[in-house]
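User: I am new to this structure and would like to learn how to read its features one at a time. Could you take me through them?

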Amino acid sequence: MTEKIRLRCSALPLAFKCAGSVRVGELVIDEWNAAADMGTAAHEGQASLVESGRVDWDGVPELARRHGVDEKELRALLALAAKLWEQLRESFPNASTEVALSHEEEEFILTGHVDVLGVSAGTAHVGDWKDGRLDKDFADQLMGYCALVLITYPDLERATAGIMWVREQEFEHYSMGRHLLAKWLERLRSEVVRWDGTYRPGD
């Protein structure tokens, strides 16, 4: 029996370009970098911002020390996040943070970790913080979140997911109605899960 493939929503943009990218090879590449550490620290501070309505400025020095990042840059990112959240907070009613979601089928397991999740009037609202400078297409990641939310909450008819670009102070959103869920899952199965073995290099 073939082992189930494990997919993370954050890996979907690359997976849809080349399904071979999510296959575990003999040599595992270490993806650590300083920008990732800064993003982790910022996400922790941003979760506190969403939950309490304010940045915990007194806790920033310890947050920076714990993740080994520059305190001044972390403060700047959290200030920008607070400014952006002030514009977006009404779009995420009754918001929860760091919500883990998963869906399992015979051939695969899809997981996602949602930064912000709010629900109102039959619609889920997902927010994903982006703190880096890398501008690329995250549409497939966001659509994966939408699919997971619709599967997890069967009473909802629609899910919207938006990227909260902290440095740019922009919000980029995508949407999936329940009528499109089955079609998206079949695309995932056919293009990623049932890989034909061909590698497709991209940028």
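Predicted model: local features only at pLDDT ≥ 70, side-chain atom pairs only at ≥ 80, totals over all residues.

User: Which residues of α3 are buried, and where do they lie around the axis?

Analyst: An α-helix has 3.6 residues a turn, so residues three or four places apart point the same way. Buried means under 20% relative accessible area, against over 50% for exposed and in between for partly exposed, with a 1.4 Å probe and protein chains only. In α3, which spans residues 60–67, V60, L63 and A64 are buried. They lie on the same side of α3, because they cover an arc of only 95° around the axis, taken from the directions from the helix axis to the C-beta atoms.

User: How do β2 and β3 pair, and what joins them?

Analyst: Two strands pair if DSSP finds at least two bridges between them. Strand β2 (residues 96–104) pairs with β3 in the antiparallel sense over 8 bridges, with S102 opposite T111, and a hairpin of 3 residues joins the two strands. Strand β1 (residues 5–8), by contrast, pairs with β3 (residues 108–120) in the parallel sense over 4 bridges, and L7 has L110 as its bridge partner in β3.

User: At what angle do the axes of α5 and α6 cross?

Analyst: Two packed helices are described by the angle between their axes and the distance between the axes. The axes of α5 (residues 139–152) and α6 (residues 181–193) come within 10 Å and cross at roughly 125°; axes are lines fitted to C-alpha atoms, for helices over the stretch in contact, and angles run from 0 to 180 degrees between N-to-C directions. Residues in this contact (heavy atoms within 4.5 Å) include M143 and A147 of α5 and W184 and L185 of α6.

User: Is Q141 buried or exposed?

Analyst: Q141, which has its place in α5, is buried, with a relative accessible area of 3%. Not counting residues up to four places away in sequence, Q141 touches several residues, among them C9, P13 and D128.

Definitions and conventions:
Residues numbered from 1 in each chain as written. Heavy atoms only, no water.
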